[in-house]
Every structure is written in C-alpha cells, then in structure tokens.
Amino acid sequence: MFRNYFKTAWRNIVRSKGYSALNIFGLAIGMSVALLIGLWMYYQYSFDRFLPNYERLYQVRRNFWSNGDTLTFSTTSLKLANTLKTQVPEIEYVAESDWMGPHGLTVGDKKFYMRGAQIGDNFLKMFEYPMVAGNRATAMSDPYSIVITQSTANALFGNEDALNKTIRYDNKDNLKVTGIIKDLPGNSSLQFAFLVPWTYVEQTNTNIKNNQGSYGNNGYQIFIKTKPGVSYSQVAAKIRNIEHTEKDNTNAMYSYVIMQPISDWHLFSEYKNGKAVEGMIAYVKMFGIIGALVLLIACINFINLTTARSEKRAREVGVRKAIGSERKDLIFQFLMESVMLTVLAFAISLLLVEVALPYFNTLTDSKIEMPFASIGFWLIMLVCIIVTALVAGSRPAFYLSSFQPVKVLKGTLNIGKAGTLPRKILVVLQFSCSIALIISTIIIYQQIQHAKDRPSGYDLNRLLITDAKGDLNKNYTALKNELLQMGIVSSMTFASSPATDIYWHTDLDFWEGKNAGETVEMGAVVIGEDYFKTLGMKFVEGRDFVNNNDTTSVIFNQAAIKRLRIKNPINQIIGWNDKKFKIVGVTNDALMISAFSSADPTMFLTTPDTQYELLYRLSPKIKTQEALTQLNGIFNKYNPGYPYKFDFSDENYARKFNMEMLIGKLSGLFAGLAIFISCLGLFGLAAYIAEQRTKEIGIRKVLGSSVSQVWLLLSKDFIFLVLISCFIASPIAFYFLNQWLLKYDYRIGIGPLVFVLAAAIAVVITLVTISFQAIKAALANPVRSLRSE
C-alpha cells in the first residue's frame, strides 16, 4: 500500500512539472532561509558554551547608583579581586585582568602587534581552552612566562616547536613560552593571541600596587569560577555590598557588585537599570521570527497552488472514492505528496545553504559550518521536514479529500467561495508578511543614514591613531617635531583614549550646586597639547590648556556642564580624586561612544606624560599613501622595537554602525527572498486563473475587449489583495519598528511616506509578476480557445 502511495505521488509530481517546480523551488528557498537563520541563531546561542564547566564561570561587574539611575560597568578594582579571593569561600578561582590595547611580540626580526591579556595565574584553570602543548596547571606560574595560541606560534616561529622558546615582550623583557592554546573558535567571547601572568604585571608595573588600595580604582576586569554545587544566588548575595566597608569612598558606597554568567555575555550584553535585558538576543529573536515568516510564506505558496488546481484533481478523488477509497486513504495520499515535495525541497535547500554559507559567514562575520556529522542536527531536520510537510499539505489534503464523488463525476462540483476565499486570505497573509519586511528594511536604512548624517562634533578625515608603545613615549617630542617639520602631519597629540571611544569613567567629588548624596559618573580623557586642534573640536567658551603642565585645570564638554547644572562654569572649582581643579574651558559635544546616543558627559585633563594613544592628522598637501610610506620609516626610526601600525579614525567610527548595517542587509536580503517566494506563488496562481478563464477571455475578445481590458480583468483581483495586505502590514510594522527605534536616543520619526513607498513597491512587483500571464492570455487567439464550443 505504501509503495502504491509513493508511486502515485511521484506520478502526480512528474505529470505537473511546472507547478511542481514552482512548489519545490519556492519551498526550497523558504527552507534555505529558515535553515540559514537557524544555524546563525544556534551559533549566537553557542557562544562560550563549548568550555567545560561554563555554568560556573562569571564576570564580575559593578552597578553604580547615580541619582535614581543604575549604571552598569565591566571595570572593577584590584582590591575587589583580592577581597573575593579571601572573603568568599564559595569562589574557587579569581582572575584579575587587563585587556588594554595590543602589545609588541618580537622573535628575531619578526615583529608583531597582537592583542592579548595580562591576566590572573588561575585563568587557564577556569577557562579550559584546549591546549596543544604545555601544562595548564603550571603554564602561568612563572611571572616571566607567556602562553600563546597556535596562530601566534606559527607567526613567530613558523614550523618550529614554540614551547620553551623566548619572546621579547613590549621590547622590555624576555618571556618563555610555557603553553600553546588551540586557536580560539569564532564563538568565543574572549579573543586573544597571548596571555601573560598577572604576577609579571605586579613585578614590572609600579603603579599596580598603588591601584590596589581602594575600591574606587576601577580599571580592570575580574573573572570568577565558583566551586562545584555552589549556586549563583549563594555568591550574589554575599558580594552585593562587599565594597561598602569604605565609608568615605563615594564610588564604593554607591556601587553594588554583581556577576554575569558566561553563557549570557554574548546574548545579554546591554544593561538597563542594573539588569542584563538586551543585546544580541533581541536580534536572535527578530531573525527567528523572520525565518519563520519566510518559511510560512513558502508553505502558503504550496497550499495555494495545490488547492487552486483542485478541479484537475477532483475527478481523481471522485473515481478513487467510487471504487472504495476512504477519506483517510486520500488524506494520506495527499500528505505523501506533500512529504515528497518537502523532502525534495529540503535536499535542494541543503545545496543552496552549502553554496550560500561562505558568503553568509562573510556578511555576518561568523564561522558557521554545516553540522552534517551531528545526529541532533538530522533529528531536528527530520522534525522540521515533517512539520513543514504537515503545515503545507494538511489544508490541501483535507480540502481535496472532502469532495463528494457524485458531484464530481456528474460535473456539478462548484468550488465557489469555499475554495477561493481561504486562498485569498492566505495571499493577503503572505503579502502582509512580505510588505512588513519591506517597511522594516526601509526604516532600518533610514535610521542608519540618519545617524551617519548626524554631525559628529569633530573631524575624523585623515586622522590616524597609533598605540604609544615602546620608545614612542620618550621620543614623542622629537617624533612630533620631525613630522611637523617634514609637512607629513598638520597637527599631533596624545590621549588616554582614541578619538572614537572613552576608556575611562569616573565620578566627581564635588562641584557648585551638588546635592547631598548626588553622584555623577562621566568619561575622563587625559590629553596632550594640541588635542582639540588635532580633532577639530571647538571651544564654546573659555580656553585650551596652556601646555601639558597645566595640570590643575580641567575642560568639560557641553554635556558634562548640562549634567552638572553649572551656570557660568569658567573659573569655577570642582573636586576630583581628592584634588581641586579649575574649569578653564567648555568644548562642543563629540560623539565618541555612540552615534545613536547623546554625547557622553566628559572631562579632559592634561599631563606631561605621554598616554596610550598618539593621534595625528595627515597634512592636506600630501597624498595618503605617500604619507604612510614616510610615516613607516620615521616611526621605525624612533621606535625600532615595534612595527608601525595605525588605524584611521573614520574607519573606527564607521564600525559603530556595524550591527545596524548587518541588520539592514539581512532584513533587505530576507525581504527580497520573501517577495520572490510570494511572486513565485502569484505567478503560478495567475497562470492557473488565466488557464481557468480561457474561454471567458476568448468570448470577451470576440465581443471587442482590448488587450488592456483583459489585462486589467486578470490583474485587479491580485492588486486588491495586495492593497489589503498593505493596510494590514502597515500598523503592525509601525508598532514593532517604533518599539525598536525607542532604544536609540537619536532616531527618526516614522512618516506616512514609508508605507506609501512600500505599498508602491509591492504593487509594482505584483504587476510585473502577473502581467506576463495576463498579457499572454490577452494576446491568445480566441478561435483556439472557443474551437471546442
């Protein structure tokens, strides 16, 4: 019996090649989109879960209460790390760390800038990344040791065995390679090329000891691993108020220590009022819905094309019932066809995904692979095939099997509204989803462009940044003078943060008008001479620093002055870090952190000591490539222990839009595919309706109807359905997109033009899709269509 069902289903598929191809191809595209999105969702979910005992790993964070708002920071103090080690027995390991900037690694004539971490000695006992050489337990016990990844080993030592070899670190000390870690997977939140023990930092950096005495010196990251059997709540309750022993420290008294599980780092990276509520999880949910909608659109195609051809299958149903077939047999027969079509579509979708995956990985900056070797993957795919086949095939199976054999064989079967109304409802649903995706794509691109067009507050054109490593600190003045004299740069400065970020936040002790118990957390940037000139920032009032020794003065941006509620700020005194400073200037706001948010309140201080970053603007009189060639030689002259490395600040600023750009590209791609799948179904329906009304069209042409009148006759019903879809999709899209926009301080308003444009796009695409069949039917010779009469 099963064999007979299979043979009959295959014959029906082969007999109607055109409709079968439309069904299979549309379903294959829908399944490809759903599979790609599903793989991407799983990839996002899998971050850091490959680590053994990941459920016991946490990052320590700090909630800071600031005038009714709770701000969350990932930076904590070294004193807190020491306190957790000694006062919380439920914690097995604690690792303090510093991930600030790249470091120089040198072996012979090979010089590299690489990003790594100076981190607590227990780190590898906590984060059990696979090691290809060395002992995890002892690899970081020697202060002058270094653990590197396989890629780092290959870059520095080639095919030689790197274990126990020596690497020159920051052109200061020789470190012995005591461990080699397998290259980190793409779904690891922590990415590094090397690890240096924290004991090395303690022995070589005299400032570290000064930073261990207060909970207010927050500039480090802390990771912990709890003991087996210890729950999150057990530790969270103990550490919440652990800093409140420093009664005179405002920062400590208003800070509440929290911890975030490693499994939440990637998905819940954004905090609101002290709780992790958003992040990548929002986009995972959004694209999960999009994937389901695209697959639903493909299933609707199947349903509509199958039920539309019901008259051609009606006699088959009548004959089968007349010779004794029961309804359940017919239902099984039609479901068998659905399963076969779905299996064929799934096979094609696997090929499509395999071809598309490299491009998708490039687009999304992922490292997704097809898990062909996973039994779980195939079980999930089997369930998806069955569910898709049932969703797509159940309506046709139950509908076709309900035909009465007497009416069918007498030719008195009238499909009527019972067959056409559900089909129209499904077409409306299908296009409502597609139009909503079109509206979403337009709004996302408008929001991105709105932020890009926003004045940044400074000039990033031809502004370069280089880490002040090695000899650049002591040779800064000579380097700057030579670059200016040669006309390569028009201005140069240094700072503790790049132009497009703020590394350090702090809180003020006092200012005029401060309320009792009030705290203000703001960005702090330590800068050198010509900083504002180099960045192109303007003074609203007051002056610049006299020179790098003007260390008792402070400059605020407008956002900081507004936040502090200071009127007439020039020459007013503020207190910070137990010292008094005089406000000498106020600058315009610059978007250093986010182009979608308000400018961060920021204060600028100066120092005679060169800081982390060198910023310099290329002279307009020299070509970029020529300047870079000369810069390479001059930087190597003053800093021979390091390769010359730079970043363009405008490129760093552009990266702030990466997530929104990705969402826009993916939305546009999936909206296009959704429309394409919908049009496949529309094309099939138009062809069938034109075939069904062949004689009617012939009679109308004999009676004088023009081609345009026949075209309008066949098109108007579809246009009407698409317009209904526009009215349904618009308010739904408006609601969800408005909710999405609310998370941005700087955002567009949603006007009616967007919905008109989306409707126009949908109508034009519909007309193009159905016009081929409509015009073909209108141009047909009426003699042939009426010959049988």
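**Reading the labels in a predicted model**

Me: Thr83 belongs to helix α3 (residues 78-87). Why is Thr83 called buried?

Reply: This is a predicted model, with residues numbered from 1 along each chain as its sequence is written, and local features need pLDDT of at least 70, side-chain atom pairs pLDDT 80 or more, while totals for chains, interfaces and linings use all residues. Side-chain values use heavy atoms, without hydrogens or water. Now Thr83: its relative accessible area is 6%. Buried means under 20%, exposed over 50%, and partly exposed in between (1.4 Å probe, protein chains only). So Thr83 is buried.

Me: What makes α3 a helix?

Reply: A DSSP run of H or I with at least four residues is a helix; a strand is a run of E with at least two; both are numbered from the N terminus. The run for α3 spans residues 78-87. The protein has 25 helices and 26 strands.

Me: Which residues does Thr83 contact beyond its neighbours within four places in sequence?

Reply: Val88, Tyr215 and Ile242. Contact means heavy atoms within 4.5 Å.

Me: Why does Pro498 count as buried?

Reply: Its relative accessibility is 8%. The cut-off is under 20%, so the label holds. Pro498 lies in the loop between β17 and β18 (505-507). Leaving out residues up to four places away in sequence, Pro498 touches Ile465, Tyr503, Glu613 and Leu615. Pro498 and Asp647 are 149 residues apart in sequence, and their C-alpha atoms are 10.0 Å apart in space.

Me: How do you know that β17 and β25 pair?

Reply: Pairing requires DSSP to find at least two bridges between the strands. β17 (residues 489-495) and β25 (residues 613-618) have six, in the antiparallel sense. So they pair. Ala495 stands opposite Glu613 in β25. Six of the seven residues of β17 are buried.

Me: What makes Asn164 partly exposed?

Reply: Its relative accessibility is 48%. Asn164 lies in the loop between α5 (150-157) and β9 (166-169). It has a positive phi of about 70 degrees although it is not a glycine. Most residues other than glycine have a negative phi.

Me: Why is Asn577 called partly exposed?

Reply: Its value is 45%. Asn577 sits in the loop between β22 (573-576) and β23 (579-587). Its phi is positive too, about 55 degrees.

Me: What makes a set of residues a nonpolar core?

Reply: Its members are buried Ala, Val, Leu, Ile, Met, Phe, Trp, Tyr and Cys residues, joined through side-chain atoms within 4.5 Å. The largest such core has 114 residues, and Tyr531 and Phe604 touch the most other members. A second, separate core of 24 residues includes Ala153, Tyr169, Tyr200 and Val201.

Me: Why are Leu296, Val383, Val387, Val391 and Leu429 called a patch?

Reply: Patch residues have over 30% relative accessible area and no salt bridge; like charges are joined within 9 Å, and nonpolar side chains (Val, Leu, Ile, Met, Phe, Trp, Tyr) within 5 Å. A salt bridge is a side-chain nitrogen of Lys or Arg within 4 Å of a carboxyl oxygen of Asp or Glu. These five form a nonpolar surface patch with about 360 Å² of accessible area together. Such areas come from the Shrake-Rupley method with a 1.4 Å probe; for residues, only the protein chains shown count as cover. Helix α13 (residues 375-400) supplies the largest share, three residues. Val383 is in helix α13.
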